[in-house]
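Let's take a walk through this chain, starting with the overall picture and ending at a single side chain. Keep the viewer open as you read.

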Amino acid sequence: MSEEQGEKRCSRCKEHRPRAAFAANKSSRDGLQAYCRECWAAYHQERQLARGKNVRPRVKVPSGHKLCRRCGEIKPHSEWHRNSTAPDGLSTRCKPCRAAEGRASHLKRSYGITEAQRDEMIASQMNICVICLAAPAAHVDHCHQTGRVRGVLCFNCNSAIGKLGDDPGTLRRAIAYLEGNAWKPTLVAQGVYRLPS
């Protein structure tokens, strides 16, 4: 009688629940599992523990919120990136945790160093850029030919070195220009110039 009214009896807790409270099961006659979702989750956890597997405890969260397993905080859905493949449509980590993982992954992938090693370099430079001695050091500088990390600079100094092509000769000429000693090359042969001493 109750199945006609849109309800089903759970075989485990023996309660009548709406059909939406049961997961789908194509092999059963009515197309639903015998246990309600709550009972099935409890049964599954018991089975995993009996097999000696590590089971994360279920955490009750208010509606519109989710628990971040990385930082352990319960945050509203606005603090999560979207993920259409996830059952709840949200990422597995909150936005700040994903950003921190992204920064750590970038350092390891691009420069082969960890955040601790970068922080150690910054501390050895007394937290300032070693070129301008004014701005805080925040950007890892590396040789584009060898890939070797040289240090940590401010954004302006790091981009200036990169735009001058990591060429010491170009930097020396830039220094001479800034000091008022603009050099004029002497043409020796077709495409060959003699630089001033």
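Bear in mind that this is a predicted model. Start with the surface: the chain exposes about 14500 Å², with carbon and sulfur atoms supplying 52% of that area. As for charge, there are 34 positive and 18 negative side chains, and the centres of the two sets sit 4 Å apart.

Now zoom out to the fold. You'll count five helices and 10 strands in the chain. The radius of gyration comes to 31 Å, whereas the globule rule gives 16 Å for 197 residues, so the chain is more spread out than a compact globule. Of the 197 residues, 22% count as buried. Look at the contacts between residues at least 6 apart in sequence, and 20% of them join residues at least 24 apart.

On to the helices. Just after α2 comes Gly112, with a positive phi of about 75°.

Last stop: helix α1, which runs over residues 37–50 and includes Gln48. Is Gln48 buried or exposed? Its relative accessibility is 16%, and because the cut-off for buried is under 20%, Gln48 counts as buried. Setting aside neighbours within four places in sequence, Gln48 is in contact with Lys53 and Val55.

Definitions and conventions: Residues are numbered from 1 along each chain as its sequence is written. This is a predicted model: local features need pLDDT of at least 70, side-chain atom pairs count only at pLDDT 80 or more; totals for chains, interfaces and linings use all residues. Side-chain values use heavy atoms; hydrogens and water are left out. Helices (H or I, at least four residues) and strands (E, at least two) are DSSP runs, numbered from the N terminus. The radius of gyration is taken over C-alpha atoms; the globule rule is 2.2 Å times the number of residues to the power 0.38. Buried means under 20% relative accessible area, exposed over 50%, partly exposed in between (1.4 Å probe, protein chains only). Contact means heavy atoms within 4.5 Å. Accessible areas come from the Shrake-Rupley method with a 1.4 Å probe; for residues, only the protein chains shown count as cover. Lys and Arg count as positive and Asp and Glu as negative; His and the chain ends are not counted. The place of a charge is taken as NZ of Lys, CZ of Arg, CG of Asp or CD of Glu.
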